[in-house]
Amino acid sequence: MTRTLALVESPAQVLNLLEWALGERRGAARRARCEVAVLLPRDAGTRRQLDAMAEVARGEGLTVVLHDVRRNPVPLSRALATLTPKLATAGRLVIGDPFSGMIQRLLPLARTRDVVLVDDGTATLELSRELLAGEPLVRWHHAGRPSATAARAGRRLTPGHGRRLEVFSCLTQNLRLPPGGVVSVNNYSWARRRFGPPQVRPGTDLIGTSLAETGLIDPGRYVTEVAALAQRLGAERYFAHRREQPAKLSRLADLGSLEIVRPEIPLELELLRGPVAQTLVTLPSTVLHTLPLVLTGTSVEISVAADVTGWLEPDASPRAAAFLEEVTNS
């Protein structure tokens, strides 16, 4: 029986791994043969959600180990010593973010030729383009020359010559891969079964993004624009992205009557637990693609808030504006 090792770094990646393993895809025929290595980031909000999702995964029968690899060199060395033999002997490797520098460092240690990608972030769209073009794997807002590690990762993940690549995604409509790549559909069946259905209440909720934290929008501009948008919509709650900074959220709360909600688990599961507003308005992000699937069968209406390309910093690359439009329009 194939032993699966999963390398994940975000709460959404743990959710998508659980969908791959336990949803309709049934990727993990035997749960005990699937080990999850969580490579903890520095961000406190993400760490809180990862702790919660690790408990969910353990409750579902998966083995989960947290590795604090980014705070100083000692835990990193310890994690590498632990993971190296596991990477070398895994029959299948599941990874979250193929653009992560940490994942790209670990990839050469894996001998398996069977790789599954489960990150349903906007990175999925960029991954398709870069693999087809034979380019290094770098994020859409990356500036400067790609590293040699990014180039090796692109070659390592390109299917063919005995290498198998499966992309497990809800973004399948326009997702193309090089010959030999396999696309499987994530419809969030496990999440709906495990956490739903939610209570739906009247009103409007607004869903935020981390575009300011990414450096693409000035935080002050973001707060002003979102506060004005919330007032126009009559929004009651603002669901913050896990990476949004507390100071920025405090300013947003001070400008109006919005209740700021910081979910303890991925937004998809938070909304399934309910209560959820009848109308959800989201700024451009992955949830434009995930929430319609997660909330299927409910009366919740989901729409995109606005064209935010006008909010971008003057020095933002043309690729940033084009990519945001692609995420929204696709």
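I began with the surface: the accessible area of the protein chain comes to about 14200 Å², and 49% of it belongs to carbon and sulfur atoms (Shrake-Rupley method with a 1.4 Å probe; for residues, only the protein chains shown count as cover). I note that this is a predicted model, in which local features need pLDDT of at least 70 and side-chain atom pairs count only at pLDDT 80 or more, while totals for chains, interfaces and linings use all residues. Residues are numbered from 1 along each chain as its sequence is written, and side-chain values use heavy atoms, with hydrogens and water left out.

Next I looked up the overall form, and found that the radius of gyration of the protein chain is 20 Å, which agrees with the value near 20 Å for a compact globule of 330 residues (taken over C-alpha atoms; the globule rule is 2.2 Å times the number of residues to the power 0.38). The C-alpha atoms fill a box of roughly 55 × 45 × 40 Å along the principal axes.

I then checked the domains, whose bounds come from an automatic or database domain assignment: domain 1 covers 4-187 and domain 2 covers 196-329, and their C-alpha centres lie 25 Å apart.

Last I turned to burial (under 20% relative accessible area, 1.4 Å probe, protein chains only), which applies to 53% of the 330 residues. In helix α5, residues 123-133, eight of the eleven residues are buried, among them E126 and E130. After α5 comes G134, where I noted a positive phi, near 70°. Helices here are DSSP runs (H or I, at least four residues), numbered from the N terminus.

Notes
Buried < 20%, exposed > 50% of the residue type's maximum accessible area, 1.4 Å probe, protein only. Helix = DSSP H or I, 4+ residues; strand = E, 2+ residues; numbered from the N terminus.
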